[in-house]
Amino acid sequence: MAKIDVLNPEFEAEQPAKVLMANRSTLVEPVTITVIENSKPHAKELLTYLAEGLRERLPIAEVIIHSKSSAGKPIDADEAEMLAVRSHLVVSGLGDCGACTACSLHDAVQMEAHGIPTALVITEPFAPIVASFAPTVGMEEYTSSIMVPHRVGFMNDEDLRKLADSIIDEAIVCLTA
């Protein structure tokens, strides 16, 4: 009788360290807000307009734009640490597909792990990815997402500005409440 070896490709991976949402509070002193934009079409424009709108409503002294070279790759640990040293608040995005949503969420969770309140901007169809992927990167539930309509990449500049204006209040809640 022949012997058959059955290999099981599953393995027990280490569980990621548990990450809690950073403490939020009312801002009194001027702060630095960092935008982590993932290079998706119009991500930089939308998130920059959002940061500019926040600057009009919150005591923001400086806006830093950090542009990633790829939407499908999260920032590495060294980048997260460097950004955390310079930032008081972060806006991450734009999640408008599966991989870029997961990577932008990973960026946000890394910043939260450094104690930096972060708002994640994603398009509506990808909210389930945030819910299902958050535990994979150590956060039971990520509760600081801002949903925008899908297809931001096809919007003109005027519509991007209007969209940014429409989510400012929600961003303030995500970052300070």
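Which helix holds Gln110? I looked this up to start the notebook, and Gln110 sits in helix 3, residues 98–113. Helices here are DSSP runs of H or I with at least four residues, strands are runs of E with at least two, and both are numbered from the N terminus.

A note on the ground rules. I am working with a predicted model, where local features need pLDDT of at least 70 and side-chain atom pairs count only at pLDDT 80 or more, while totals for chains, interfaces and linings use all residues. Residues are numbered from 1 along each chain as its sequence is written, and side-chain values use heavy atoms, with hydrogens and water left out.

**Gln110.** I checked the accessibility next. Gln110 counts as buried because its relative accessibility is 14%; buried means under 20% relative accessible area, exposed over 50%, and partly exposed in between, with a 1.4 Å probe and protein chains only. Then I listed its contacts (heavy atoms within 4.5 Å). Beyond the neighbours within four places in sequence, Gln110 meets Pro74, Ile75, Asp76, Ala77 and Ala80.

**Cysteines.** How many disulfides does the structure hold? I found zero, a disulfide being a pair of cysteine sulfur atoms within 2.5 Å.

**Ile33.** I moved on to strand 1, residues 31–37, where Ile33 has its place. Is Ile33 buried or exposed? It counts as buried, because its relative accessibility is 0%. Leaving out neighbours within four places in sequence, I wrote down its contacts as Ala51, Leu54, Ile60, Glu62, Val63, Ile64, Leu89, Val90, Val91 and Leu175. For a distance check I picked Met139: Ile33 and Met139 are 106 residues apart in sequence and 22 Å apart in space, C-alpha to C-alpha.

**Thr176.** My last stop was helix 6, residues 168–176, which includes Thr176. Thr176 counts as buried at 14% relative accessibility. Which residues does Thr176 touch, not counting those up to four places away in sequence? They are Arg24, Ser25, Thr26 and Leu27.
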